[in-house]
Amino acid sequence: MCLGIPGQVIRMLDGYGDQLALVDVAGENRKVNIGMLPEETFRPGDWVIIHMGFVVDKTDKAGADEAMAGLRLMGSGLDELSSGPP
């Protein structure tokens, strides 16, 4: 099991073999690589789980909420995720 951060796809990005997506992660836009899931299609509004800049799973809102609840349980709530390093 890996630590995964949930995010919502905003749009697909050009370049890198069509393997980049712009994803909203706790209110911040991040470029992530979707290449580990070549069998999936991604559209704006889709929920994903991200690890080390790569999408490792496609999920739904309930799955994203569950992942965020797990992060909060470990002490990594939304405020810490969106504020960045000290």
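View 1. Strands β2 and β3 run antiparallel and are joined by six bridges, where two strands count as paired if DSSP finds at least two bridges between them, and where helices (H or I, at least four residues) and strands (E, at least two) are DSSP runs numbered from the N terminus. The two strands form a hairpin with two residues between them, and A26 in the turn has a positive phi of about 50°. This is a predicted model, in which local features need pLDDT of at least 70 and side-chain atom pairs count only at pLDDT 80 or more, while totals for chains, interfaces and linings use all residues. Residues are numbered from 1 along each chain as its sequence is written, and side-chain values use heavy atoms, with hydrogens and water left out.

**View 2. The surroundings of N33 in strand β3.** N33 lies in β3, which covers residues 28–33, and is the bridge partner of L20. N33 is buried, with a relative accessible area of 18%; buried means under 20% relative accessible area, exposed over 50%, and partly exposed in between (1.4 Å probe, protein chains only). Its side chain reaches the backbone nitrogen of G35 at 2.6 Å. Leaving aside residues up to four places away in sequence, N33 touches Q19, L20, G53, F54 and V55, contact meaning heavy atoms within 4.5 Å.

**View 3. Strand β1 and its pairings with β2 and β4.** Strand β1 is joined to β2 by five bridges in an antiparallel arrangement, and β1 also pairs with β4 in the antiparallel sense, over four bridges. Q8 stands opposite D24 in β2 and opposite W47 in β4. The hairpin of β1 and β2 has six residues between the strands, and in this hairpin G15 takes a positive phi near 95°.

**View 4. The largest nonpolar core.** This core has 14 residues, and those with the most contacts inside it are V23, V32, F42, V48, I50 and V55; a nonpolar core is a set of buried Ala, Val, Leu, Ile, Met, Phe, Trp, Tyr and Cys residues joined through side-chain atoms within 4.5 Å. Two or more residues come from each of β1 (5–13), β2 (20–25), β4 (47–51) and α1 (61–73), and β2 gives the most, with three residues. F42 touches M12, I34, L37, V48, V55 and K58, again not counting residues up to four places away in sequence.

**View 5. Salt bridges between side chains.** The count comes to four salt bridges, each defined as a side-chain nitrogen of Lys or Arg within 4 Å of a carboxyl oxygen of Asp or Glu. E28 forms one with R30, the closest N and O atoms being 3.3 Å apart; E28 is partly exposed at 29% relative accessible area, and R30 is partly exposed at 39%. E40 and K58 meet in another, at 3.9 Å from N to O. Because E40 lies in the loop between β3 and β4 and K58 in strand β5 (residues 54–59), this pair ties together parts that are 18 residues apart in sequence. K61 and D65 meet at 2.8 Å, N to O, and both lie in helix α1, four residues apart, about one turn of the helix. Salt bridges that share partners also join E40, D46 and K58 into one network.

Definitions and conventions
Polar contact = N/O pair within 3.5 Å; in protein donor to acceptor, adjacent residues only side chain to side chain.
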